[in-house]
Protein chains: 2
Amino acid sequence: MSAKRNDRGVTPLSEDVSAWYNELVLKAELADRGPAKGSMVMRPYGYTIWELLQRQLDDRFKATGHVNAYFPLLIPEEYIMREADHVEGFAPELYTVTRVGKKELEEPLIIRPTSETVIGESYSRWISSYRDLPLLINQWANVFRYELRPRLFLRTTEFLWQEGHTAHVDEDDAMAEVLTIHDVYAEFAENVAAIPMLKGEKTPGERFAGAVRTFTIEGMMRDGKALQSGTSHYMGTNFATAFDIQYQDENNEQQYAHTTSWGMSTRMIGAVILAHGDDAGLVLPPRLAPIQMVIIPIGRGEDAEAPLAKAHELAADLVAAGVRAHVDDRDQSPGFKFNDWELKGVPLRAELGPRDLEEGHTLVAHRIGELDEKGRPLKEKLPLDEVVARVPGMLDAYHELLVKRALEFRLERTALVDDWERFVEQVAIGFAEVLHCGRTACEDDIKAETAATPRAILMESDDESGPCVRCGQDSAYGKRVAYGRAY
Amino acid sequence: MSAKRNDRGVTPLSEDVSAWYNELVLKAELADRGPAKGSMVMRPYGYTIWELLQRQLDDRFKATGHVNAYFPLLIPEEYIMREADHVEGFAPELYTVTRVGKKELEEPLIIRPTSETVIGESYSRWISSYRDLPLLINQWANVFRYELRPRLFLRTTEFLWQEGHTAHVDEDDAMAEVLTIHDVYAEFAENVAAIPMLKGEKTPGERFAGAVRTFTIEGMMRDGKALQSGTSHYMGTNFATAFDIQYQDENNEQQYAHTTSWGMSTRMIGAVILAHGDDAGLVLPPRLAPIQMVIIPIGRGEDAEAPLAKAHELAADLVAAGVRAHVDDRDQSPGFKFNDWELKGVPLRAELGPRDLEEGHTLVAHRIGELDEKGRPLKEKLPLDEVVARVPGMLDAYHELLVKRALEFRLERTALVDDWERFVEQVAIGFAEVLHCGRTACEDDIKAETAATPRAILMESDDESGPCVRCGQDSAYGKRVAYGRAY
């Protein structure tokens, strides 16, 4: 079956996910490629999703006691060198400034790939007593990591993210922070992005460079692959030692602080596209949709005037009620507009023609929902005087529908697997929950044969042990591990 | 008189503005110096001011039809070269990436000093018809310009800003945009930052590199110097020609777009510090204050419990009413706390002791306002059950007081000046509004002798002409020009 583009100019998802994704991101005007290799321009439609994500995630950070700050983009090369695992992990990906004006710098400056080092240096100056702890700071910033095979949103050399960096008196307090944020990420992903996430801990081979423990949320995409969507790390005293972050405890003794870091990035927009989209284009969850309801006035010549006026009136009322409503008054056919807003994933579309107006209703179609006999979204007659009162509830119901759909899809494609042949079949379509010996060499064998990697140790699942699905040795962790192919 | 530090550890403003500023920024925990030369760490207290500024300015951009997007930080060197004036203006200040990992780049990448070039390249692809215009996009971003003499907030090598970039069918439409934003900046500065600005156009020698016309808002600081706080530029077709931004007009003819750009940065925080501060420290305008009212419970041992509980209750009620209230429950003396919050510029301070509680009131002191016989802020008894209802109005009145105070100060230190001796005296303490010949050579002479530069041609003032205050030649512009020493 050859990949053919549909009438929206995008290869159907069902034929070629990769082509669909690449074409859709451009066609829906979410992003463009930038001039330097692997860079991205976030266009207004895509950036507005980021703004909505940012606002709602930031509210959650503040509600859990965090404050924002901003640290420099350029870091002395020597800083990166101080934590051995950290430098080993990041060295090949670093962008280096060697010149200012016509002058060569004596010490090159690195563009941050992440900010543990420069923030650690500040923390060593700001923290002197146990009274200064915990220190709970987050930063919204751009970071750079070289990418061999860049893809818009998923892997770009520059990306936007938030990075939380906290310091604590001991392991208990630091681990409580890591798990709080792990929960915030999962709750946010489900309640805002409509993606119910697999939660768990990374195996040692998949940990962040410099971390003692790493926790992750992993979403399942429409092709059954996993997308790592937010990680939280317990650093132990690794960075505190490298950057001399010490405090005086209640007994006047010097102690190293225990630190954490955690991040979510513009990659999450890639997750939203790949978790919900379909052949017709994007399917945006309402809480991240730049436009939640588009109103399309219908009619020609004089007949068009009254619907257009009413559409603007409805939109103004909806906006006043907190709904992101938009009137499409472009000089284009209704069919063109329907396709365009389907491609752009707008949750609700209201049509308003002269006859609808006479009859006092608008026809509302849901981007995802029941279909009519022609396979088009079923339209619902909504009385005009009920629009403002009912749309917020319709959007909430639509959100719940997306969550349910995504969860059912993930569960359908997840299985407990205890033999190798079943494993190979299962990871080709989704997640296999297995017992594993925990050896990195065995993980590497699995990856070489199936492209699957350990996504998360399922910490919240029942205790279990037995032979490794691959090598038969005793299992590690006392929990099952979810394996899958990953973005 | 030698500069001595007051009991807050900061040199008084009245003795040495420069020392006061440098010490206060650190002491009030607004910012720190970063590791690379000229870089800055914005600490939570300073960054929260930026968040408040950002939110309120962004709302104004959206209300005037703009949307946000994000363009890459790294720009091919060749792009910067395309607009002759632009490259001449920026070349000495550019940070250049020449290496990624261990690999030397074939074409070096510039860290954006501003984004006209990379945005121009996108616009040339996005714009094809007059229907695509106007294109009204803003970006919040970090930019880099090398600084010989860096100062926190005022001149840092990396700074945060917003940069608007718009494209229009013709000069009229582009100029209307430039003036709209010029007005938005002035309105924002007065209604949010409490700084009534001098508005006007830059003389040719002071224009942005590549601009045809530049408009500016200039605030007067407590030492009588000017601080340029937001500029808007009409680019004509300079960048459209360099980046081939063409559109097909209604007659199917190809035309170059007319573009604009405009920016306000973290420098505005420097303006807030320098426009309002006093010997005791910061004086923050309420709409940018991270804490608008601090509540200080007073009492020892058991006596402290009831005031503390009531303080938290009041703060919760205030927060629910939209007031940024904070309880200072640190284990420190009231005197220490009073000094600390004065230094940090919190507008209102409420004291709450056991006797106040019994009598059903709290004592409210305004950071700026009437003084008692000891020269301390007069305290007002505010009934506890009126706090929530009255504080928002008190904050508005406080804002108006700051505006009035700043305007009176500026007017006191501004004079119409028509002879050279008077000019020299006037620019030593403030602004001189003069007739000027408009020759850059004459501007240079003035600067060499007095350190004063033309801040703005007063476009909104009456038409006037006559001999140049400096050289006697015929005046230019048909308007007076405000001169002053500048930050």
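I started at the contact between the chains. Strand β5 (residues 95-100) of chain B is joined to β5(A) by 5 bridges, and the two strands run antiparallel. I picked out one pair: A:T96 has B:R99 as its bridge partner in β5(B). I keep in mind that this is a predicted model.

**Entry: the interface**

I looked up how many residues take part. Chain A gives 45 residues to the contact, and chain B gives 45 residues. On the side of chain A that touches chain B, strand β5 (residues 95-100) supplies the largest share, 6 residues. I then sorted that side of chain A by class. I found 29 nonpolar, 9 polar and 7 charged residues.

Next I asked how the copies are related.

**Entry: chain A as a whole**

I counted 14 helices and 23 strands in chain A. Its radius of gyration is 25 Å, close to the 23 Å from the globule rule for 487 residues, so chain A is as compact as a globular protein of that length. The C-alpha trace spans about 80 × 55 × 50 Å along its principal axes. I noted that 49% of the 487 residues count as buried. Among contacts in chain A with a separation of 6 or more, 66% are between residues 24 or more positions apart.

**Entry: a five-strand sheet**

I traced an open sheet of 5 strands in chain A. The order is β16-β15-β17-β18-β19, and the pairing is mixed. Which strands stand at the edges? They are β16 (325-327) and β19 (379-383), each with a single partner strand, so one side of each has no neighbour in the sheet. Neighbouring strands here are turned by 25 degrees against each other on average, direction ignored. I followed β19(A) to its partner. Strand β18 (residues 361-366) of chain A runs antiparallel to β19(A), with 5 bridges between them. One of these pairs A:T362 with A:L382.

**Entry: B:K202**

Is B:K202 buried or exposed? I found it buried, with 22 other C-beta atoms within 10 Å. B:K202 sits in the loop between β9 (198-201) and β10 (213-220) of chain B. Leaving aside neighbours within four places in sequence, its contacts are B:R207, B:T214, B:T216 and B:A456. I checked B:T216 further. It is 14 residues from B:K202 along the chain, and their C-alpha atoms are separated by 6.7 Å.

**Entry: backbone exceptions**

Most residues other than glycine have a negative phi, and most peptide bonds are trans. I looked for departures.

- The peptide bond from A:L133 to A:P134 is cis, with omega near -5 degrees. A:P134 is in the loop between α5 (116-126) and β7 (135-144) of chain A.
- The bond from B:L133 to B:P134 is cis, with omega near -5 degrees.
- A:Y477 has a positive phi, near 70 degrees. I located A:Y477 in the loop between β22 (452-457) and β23 (481-485) of chain A. It counts as buried, with 20 C-beta neighbours inside 10 Å.
- B:A451 has a positive phi, near 70 degrees. B:A451 is in the loop between α14 (440-450) and β22 (452-457) of chain B. With 13 C-beta neighbours inside 10 Å, B:A451 counts as partly exposed.

Methods:
Residues numbered from 1 in each chain as written. Chains lettered and ligands numbered in written order. Predicted model: local features only at pLDDT ≥ 70, side-chain atom pairs only at ≥ 80, totals over all residues. Helix = DSSP H or I, 4+ residues; strand = E, 2+ residues; numbered from the N terminus. Rg over C-alpha atoms; globule rule 2.2 N^0.38 Å. Buried ≥ 20, exposed ≤ 12 C-beta atoms within 10 Å, placed from the backbone. Contact = placed C-beta atoms within 7 Å. Pairing = 2+ DSSP bridges. Axes fitted to C-alpha atoms, helices over the stretch in contact; angles between N-to-C directions. Nonpolar A, V, L, I, M, F, W, Y, C, P; charged D, E, K, R; others polar.
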